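Trainee: I've just opened this one and would like to talk it through. Bear with me if I jump around.

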Amino acid sequence: MTSSGVGQYLINSNFMHEIASLRTVKTVPLTFYRTVFLGYRKMAGVADSYADPVRIAVIGGTGLQSLPRFTYAATLNVSTPWGQPSSPISILHHPSPTSGKPIPIAFLSRHGLHHEFAPHEVPARANIAALRSIGVRTIIAFSAVGSLQEEIKPRDFVVPDQIIDRTKGVRPFTFFEKGMVGHVGFGDPFDEGLAKVVRGPQFSTRAESNLYRSWGGSVINMSALPEAKLAREAEIGYQMICMATDYDCWHTSEDVNVEMVMGHMKANSENARRFIGAVLDELSKEEHGDLVLAKHLDGQTKFAGSITAKAGRGRRRPRSWAGSFRVTLIDGRIA
Ligand SMILES: CSC[C@H]1O[C@H](OP(=O)(O)O)[C@H](O)[C@@H]1O
Ligand SMILES: Nc1ncnc2[nH]cnc12
């Protein structure tokens with residue numbers, strides 16, 4: 001995928017504890033994308049379990065609660081040690097562009113099936129643990145964002161590669177606790193390789209919006225964290241794809257409001273689905289096998305647990321790091 005533009009990315013929360021800033025973003029005009037066929041039929045009698053590991057997941061954000069016109073192979077209702085994810089996990093079949101074979105893709109709706117979870121309520125640990133437990137090693141996460149730069153216009157897509165966290169301390173943000181101590185690198189919060197292929201509910205004040213701009217921020221949202229950090233801890237490659245829906249409140253145009261965000265999301269939803277199809281096509285290629293399996297992240301958590309001497313290990317500590325990502329299917333069976 002071709003891309004252009006340099007900037008930063010900001011993430012915002014209600015109490016302004018949260019800002020994420022991307023040092024470099026690639027704003028990608030839609031003309032760069034080829035049209036992909038998304039007219040898959042929905043299978044009748046969707047199963048409640050799935051036998052094969054699923055390596056790739058899409059997390060849908062605001063305005064992207066489902067992926068219509070993909071083939072639905074299964075719907076998994078799971079429970080994790082961190083509770084239930086924000087939505088059931090749909091397993092979709094995406095035909096490989098080379099072999100035509102169906103590639104299973106997990107889809108999860110960040111804010112729930114009906115947008116019932118506010119950004120600070122999203123059960124991010126359960127979401128990431130649930131995806132990891134079914135084999136996911138690559139996540140493409142979608143987000144509706146405010147633009148902090150004139151040149152990023154509503155409906156432009158932005159692929160961020162850096163982030164400033166202003167959610168610190170106000171949301172559960174780690175799997176490593178209770179006697180399972182671990183530390184992962186987060187210098188590059190998003191997955192570079194993937195980039196090549198591609199709390200609070202209140203919006204910011206004008207002063208804040210201008211402050212983030214003065215920091216060089218490109219876009220602002222409420223969702224990238226802790227999601228990206230938890231994915232790294234779970235050794236999952238993670239890339240957020242942002243769609244600009246407004247100019248926040250720093251611009252001379254109308255201040256951001258939900259109607260504006262939803263209007264742009266709706267109008268641009270077909271482009272978002274094409275975008276997802278193109279990314280999945282790319283990731284389905286054999287040459288990206290190692291990338292999709294996040295081989296480059298293997299070993300990130302190698303010292304998790306062992307840093308704590310036996311005497312200090314918590315009673316609730318899982319037997320092994322991998323063991324902590326076990327889930328229970330609420331209805332159906334784990335296959
Ligand atoms: C409805 S506007 C604010 C809302 O939109 C973004 O959601 P998401 O990142 O899940 O697409 C933003 O982060 C806020 O949660
Ligand atoms: N202006 C904005 N601030 C925070 N999150 C957003 N999501 C969409 N627009 C936003």
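Trainee: Which element does P226 lie in?
Mentor: Helix α4, residues 224-233. Helices (H or I, at least four residues) and strands (E, at least two) are DSSP runs, numbered from the N terminus.

Trainee: And what is P226 in contact with, leaving aside neighbours within four places in sequence?
Mentor: A124, T167, R171, P172 and F173. Contact here means that the two C-beta atoms, placed from the backbone, lie within 7 Å.

Trainee: Before I go on, where does this model come from?
Mentor: This is a predicted model, in which local features need pLDDT of at least 70, side-chain atom pairs count only at pLDDT 80 or more, and totals for chains, interfaces and linings use all residues. As for labels, residues are numbered from 1 along each chain as its sequence is written, while chains are lettered from A and ligands numbered from 1 in the order in which they are written.

Trainee: What does the protein average for pLDDT?
Mentor: The average is 80, and 78% of the residues score at least 70. pLDDT is the predictor's confidence in each residue, from 0 to 100. The model's overall scores are ipTM 0.99 and pTM 0.85.

Trainee: How many helices and strands are there in the protein?
Mentor: Seven helices and eleven strands. Of the 335 residues, 49% count as buried.

Trainee: Back to β3, then. Why is strand β3 called largely enclosed?
Mentor: Five of its five residues, 56-60, are buried, so the rest of the structure largely encloses it. I56, V58 and G60 point one way from β3, with A57 and I59 pointing the other way.

Trainee: Which strands pair with β3?
Mentor: Strand β6 (residues 102-109) pairs with β3 in the parallel sense over five bridges, and V58 stands opposite F107 there. Strand β7 (residues 138-147) also runs parallel to β3, joined by four bridges, with T138 as the bridge partner of I56. At least two DSSP bridges between two strands are needed to call them paired.

Trainee: What does β7 have to do with β10?
Mentor: They run parallel and are joined by nine bridges; one of the residue pairs is S143 with C242. Strand β10 (residues 237-246) has ten of its ten residues buried. Strand β8 (residues 157-160) is antiparallel to β10, with two bridges, and the bridge partner of V158 is C242.

Trainee: Which residues touch the most other members of the largest nonpolar core?
Mentor: A57, I105, A106, L131, V136, I139 and C242, in a core of 78 residues. Helix α6 (residues 269-283) gives the most to this core, seven residues. A nonpolar core is a set of buried Ala, Val, Leu, Ile, Met, Phe, Trp, Tyr and Cys residues joined through C-beta atoms within 7 Å.

Trainee: New topic: what is around ligand 1?
Mentor: The residues around it are G61, T62, R110, H111, P119, S143, A144, N221, M222, S223, V258 and V261. Near means that a residue's C-beta atom, placed from the backbone, lies within 6 Å of the molecule. β7 and α5 (258-267) each supply at least two residues of that shell.

Trainee: How does the shell around ligand 1 split by class?
Mentor: Five nonpolar, six polar and one charged. Ala, Val, Leu, Ile, Met, Phe, Trp, Tyr, Cys and Pro count as nonpolar, Asp, Glu, Lys and Arg as charged, and the others, Gly among them, as polar.

Trainee: Last one: what do the buried residues of α1 pack against?
Mentor: β3, β4 (71-79), β5 (89-95), β6, β7 and α4. Helix α1 covers residues 124-133, and ten of its ten residues are buried.

Methods:
A residue is buried if 20 or more other C-beta atoms lie within 10 Å of its own, exposed if 12 or fewer, and partly exposed in between; C-beta atoms are placed from the backbone.
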